[in-house]
Amino acid sequence: MTRNSTSKLLNGDTCHRTNPSKTPGANGFVMSHCLFQKPQKRYRRSAEKNHHVSNNQGLYNKPFVQSFEETPLLVAVLTYVGYGILTIFGYLRDFLRDWKFQKCHLAREREEQKDFVPLYQDFENFYTRNLYMRIRDNWNRPICSVPGAKMDLVERDTHDYNWSFEHTGRVLKDVINMGSYNYLGFAENSGACADAASECCMKYGVGVSSTRRETGNLDKHEELEKLVARFLGVESSMVFGMGFATNSMNIPALTGRGCLILSDELNHASLVLGARLSGSTIRVFKHNNMQSLEKLLRDAIAHGQPRTHRPWKKILIVVEGIYSMEGSIIRLPEVIALKKKYKAYLYLDEAHSIGALGPRGRGVVDFFGLDPTDVDIMMGTFTKSFGAAGGYIGGKKELIDYLCSHSHSAVYATSMSPPITQQIITSMKCIMGEDGTTLGQERLSQLSENTTYFRRKLHELGFIIYGNKDSPVVPLMLYMPAKIGAFGREMLKRNIGTVVVGFPATPIIESRARFCVSAAHTRKMLDTALNAISEVGDLLQLKYSRNNRPRSEDTDSYSYLESHQEH
Amino acid sequence: MKAMREYVCWLYYQYLLITGIYVLEPWEKSIFNTVLFTVVAMVVYTSYVFVPIHVRLALEFFSGLAQGHPESTVALMS
């Protein structure tokens, strides 16, 4: 990697990678080095910033703005202090429970079994017993209506500090739902989808009573698979009854011992489980970091398997479209360029991005304007944007035929229920515009409008928001453990249902509240929600952001170039 | 007057949130508040009673050093 070639690249000289389908080998300069060098740290002058951005911007057809603002130091220190105090009290309570001063609500072995190896791991549940239980009323809230833009919650009461709940019999009506993955608003109990689903239910019943291999393969499933393949732009596809099972049962069918899986740091539990079950070697690269991925690829190809140095049988890169805890979007053009250069395979999990991103709703591939046949295995779920349940895998015909016989999920799991299948068929046709209305297109544009509005407003209010500007998942940082419980309860008092997340789903100090914007939210609902969030933010002092200056026209372009904050 | 009370209540709420006491049961809150109040009271008492004397002694010691060496230290010691 020579100095003058770096500077040539930085000066915006021939941007070789504008067309990702061109082989990088055509240009000798690119062949001899890493595709993506570490960006040089010259942020002070905006002229330099311009060129630094165009280095990788050639692959993208629109600005890719993603930011993860750093935790303010004082907040981090106070968060640790808070956790320290709660740990001390946790030990105190454990001591009291052990010595029988306090009633113990947890699972305990019988007296006779105490001399054996313990059944219940006491220390591992320390966090669950002592923090999660105290603020448990923010989770598992029973919903007694359809989880659309507004929902009804069952009111619960607790007399022993969240160890047990009682239903008071009252129902909280019309709670604005900012937590359901209802991106396109298809979770509704009236309309074309619901009518079609109930008709199908009348004809086929609800249960299938078999697996796909035996007598569970309905013509509806075949119809759905053809439709999904057409929707994604791939040759063929296969559907499964459960999204989690799609990942965890199909990755073992694709890779095995002697294969390498390169997975992102923040991949979902189903992908991690599938990777571990497969028995392949797993290497983790930093979240959305292309230099880290490239380094791993180069090491893997240069050194081969750990002891024998034989080449890997296959290398599978496992990434997600939108990461739901961060709200970040994968840098797909760069991943595809890397995959082509190093001849690896790509497994893309579009659980949150299918239907929610892209001008035609075809997911993250559509969002970047890329070719769907570049991604070897496209996986997704129907839970989020289609208002149903289940998962799919799309790809070449040989791949799908192979999975049909070798995947555990295909062979053993019950197939998808008919009304659910019909719901997906109707909603997918609606998104594609094939039902004759423009409802799909309206919903897609409504979603992107809502996303932009909601994110912009939250940013202006002064909260720290993670993630990409276009992602409908909006994590709002809370940091302190007590604020997790306080935020959930205060929002419910103002009739807004939110999801708050803490450890272990997130790093210990980065607890957050996660909002999911939906196309079913009207501008008025979003305004109500934003006012409530602002009120609660003032009450709880959550407005940590240090760049919350109101945006004027000329600072807009500057903030786009502020790429030193993106991962 | 009401506004003042409201403000103090809000400050107490912030203290509860930042230290994490907010999630604890009332008796645990009382224990923590008692312990913290005792420690703070002791710090205030110590600083009120002892800090002026120590500061005065220290100043005398150093100013004595600056003027002339042995006789002032002997004078201080006796």
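1. In this predicted model, strands β2(A) and β3(A) (residues 166–177) run antiparallel and are joined by 6 bridges. One of the pairs in this region is Asp157(A) with Glu166(A), its bridge partner in β3(A).

2. These strands belong to an open sheet of 3 strands in chain A, ordered β2-β3-β15, with mixed pairing. Its edges are β2 (150–157) and β15 (496–497), each of which pairs on one side only.

3. Strand β11 (residues 377–381) of chain A is largely enclosed by the rest of the structure, because 5 of its 5 residues are buried. In a regular strand the side chains alternate between the two faces of the sheet. For β11(A), Ile377(A), Met379(A) and Thr381(A) lie on one side, Met378(A) and Gly380(A) on the other, and both faces are covered.

4. Asp349(A) has Met379(A) as its bridge partner in β11(A), and Thr381(A) stands opposite Gly391(A) in β12(A).

5. Helix α4 (residues 73–98) of chain A has 26 residues and spans 37 Å between its first and last C-alpha, close to the 38 Å expected at 1.5 Å a residue. Lys100(A), which follows α4(A), has a positive phi, near 65°.

6. In chain B, Trp27(B), Ile31(B), Val35(B), Val39(B), Met42(B) and Val43(B) make a nonpolar surface patch of about 520 Å². Of these residues, Met42(B) is located in helix α2 (residues 26–67) of chain B.

Key
Residues are numbered from 1 along each chain as its sequence is written. Chains are lettered from A and ligands numbered from 1 in the order in which they are written. This is a predicted model: local features need pLDDT of at least 70, side-chain atom pairs count only at pLDDT 80 or more; totals for chains, interfaces and linings use all residues. Side-chain values use heavy atoms; hydrogens and water are left out. Helices (H or I, at least four residues) and strands (E, at least two) are DSSP runs, numbered from the N terminus. The expected span of a helix is 1.5 Å times one less than its number of residues. Patches are made of residues with over 30% relative accessible area and no salt bridge: like charges are joined within 9 Å, nonpolar side chains (Val, Leu, Ile, Met, Phe, Trp, Tyr) within 5 Å. Accessible areas come from the Shrake-Rupley method with a 1.4 Å probe; for residues, only the protein chains shown count as cover. A salt bridge is a side-chain nitrogen of Lys or Arg within 4 Å of a carboxyl oxygen of Asp or Glu. Two strands pair if DSSP finds at least two bridges between them. Buried means under 20% relative accessible area, exposed over 50%, partly exposed in between (1.4 Å probe, protein chains only).
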